[in-house]
Structures are given as C-alpha cells and as structure tokens.
Amino acid sequence: MPTTSHRGLRQCLADIRAKAKELRESFGVEAPARAREWAATKVETALRSEADRVVYLPEAARISGFCEGHLARLVRKGRIPDMRPADSRGRIKVRVDDLPTKAGRKHTPPADVHDLASRLGIRG
C-alpha cells in the first residue's frame, strides 16, 4: 500500500520526465534532458530499494508513526503481510512499503526530490 507521499514523489518524477521530453522535443537540447532522466531513474531506484526493505517492528514503528503494538495487531489480523517464514514465532518483520503512515505525519523521503530538481534547474 504505497503512501500518499510516495504517490506525490512518483508524480514529481513524472513531471521531471515530462520536462526532459519538452527540452528534447521543443528546444533540441539532449544533454540536459538526459541528465533529468538519469536523475529521475536514480530516485526511482532509491524509492524501490527503500520500499522493498524488510524491517523489525521497532523500526517499522519509527517509519510509520504507529506504535509497535498497533502494528503487531495489524500483522496478526492480516492487514500487513508478515515477512517471517511460515510458522515462525520469531520477531515480526514487515516490508516498508506495506506500512501505513499515520495521518499528519511528515514524510521524509530517502532522497529529497525537490532539492534534486532545483540542482538540475527544474522549476515548478
């Protein structure tokens, strides 16, 4: 269940790719277009890597904003997939992308897309 902020980042990446296409097609500038596409690909890779990371409950609680007990209940009810081997009784492990995000919690992405965009000269 991708969080709202991930959807926002994905829209930002789509905007960066659209700007690269515009630079290439309207202005005929290939190098800046390729630089933007490269940067968008790097951010997408970082997002995928973070989303697929498997963490224990203490870190899951820090990431999501929910307490460990609440997350454990969601796992037991099947609302969050349990990444432990079948019939395991060890510590609960979950995928970062499967975590809910507490409403009103400020998202801190692994890569600051807006900072990256400004360094590449992308406005708006």
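Reader: Why is aspartate 97 called buried?

Author: Aspartate 97 has a relative accessible area of 13%. Buried means under 20% relative accessible area, exposed means over 50%, and partly exposed lies in between, with a 1.4 Å probe and protein chains only. The value of 13% therefore puts aspartate 97 in the buried class. Of the 124 residues of the chain, 29% count as buried.

Reader: What kind of model is this, and how are residues numbered?

Author: This is a predicted model, in which local features need pLDDT of at least 70 and side-chain atom pairs count only at pLDDT 80 or more, while totals for chains, interfaces and linings use all residues. Residues are numbered from 1 along each chain as its sequence is written, and side-chain values use heavy atoms, with hydrogens and water left out.

Reader: What makes the contact between arginine 95 and aspartate 97 a salt bridge?

Author: A salt bridge is a side-chain nitrogen of Lys or Arg within 4 Å of a carboxyl oxygen of Asp or Glu. For arginine 95 and aspartate 97 the N to O distance is 3.8 Å, so the pair meets the definition. The whole structure holds twelve salt bridges.

Reader: Which salt bridge does lysine 19 form, and where does it lie?

Author: The side chain of lysine 19 meets that of glutamate 22, at 3.2 Å from N to O. Both residues lie in helix 1 (residues 4-27), three residues apart, about one turn of the helix. Helices (H or I, at least four residues) and strands (E, at least two) are DSSP runs, numbered from the N terminus.

Reader: Why are lysine 19 and glutamate 22 called partly exposed?

Author: Lysine 19 has a relative accessible area of 29%, and glutamate 22 has 33%. Each value falls between the limits for buried and exposed, so both residues are partly exposed.

Reader: How do glutamate 59 and arginine 62 stand in helix 3?

Author: They are three residues apart, which means a separation of about one helical turn. Glutamate 59 and arginine 62 form a salt bridge, with the closest N and O atoms 3.2 Å apart. Glutamate 59 is partly exposed at 28%, whereas arginine 62 is exposed at 53%.

Reader: Which residues are linked in a network of salt bridges?

Author: The network joins Arg24, Glu30, Arg34 and Glu37.

Reader: Which residues have the most contacts inside the largest nonpolar core?

Author: They are Ala60, Leu71, Ile80, Ile92, Val94 and Leu99, in a core of 13 residues. Helix 3 (57-64) and helix 4 each supply at least two residues of this core, and helix 4 gives the most, with four. A nonpolar core is a set of buried Ala, Val, Leu, Ile, Met, Phe, Trp, Tyr and Cys residues joined through side-chain atoms within 4.5 Å.

Reader: Why is arginine 76 called exposed?

Author: Arginine 76, in helix 4, has a relative accessible area of 62%. That is over 50%, so arginine 76 counts as exposed.
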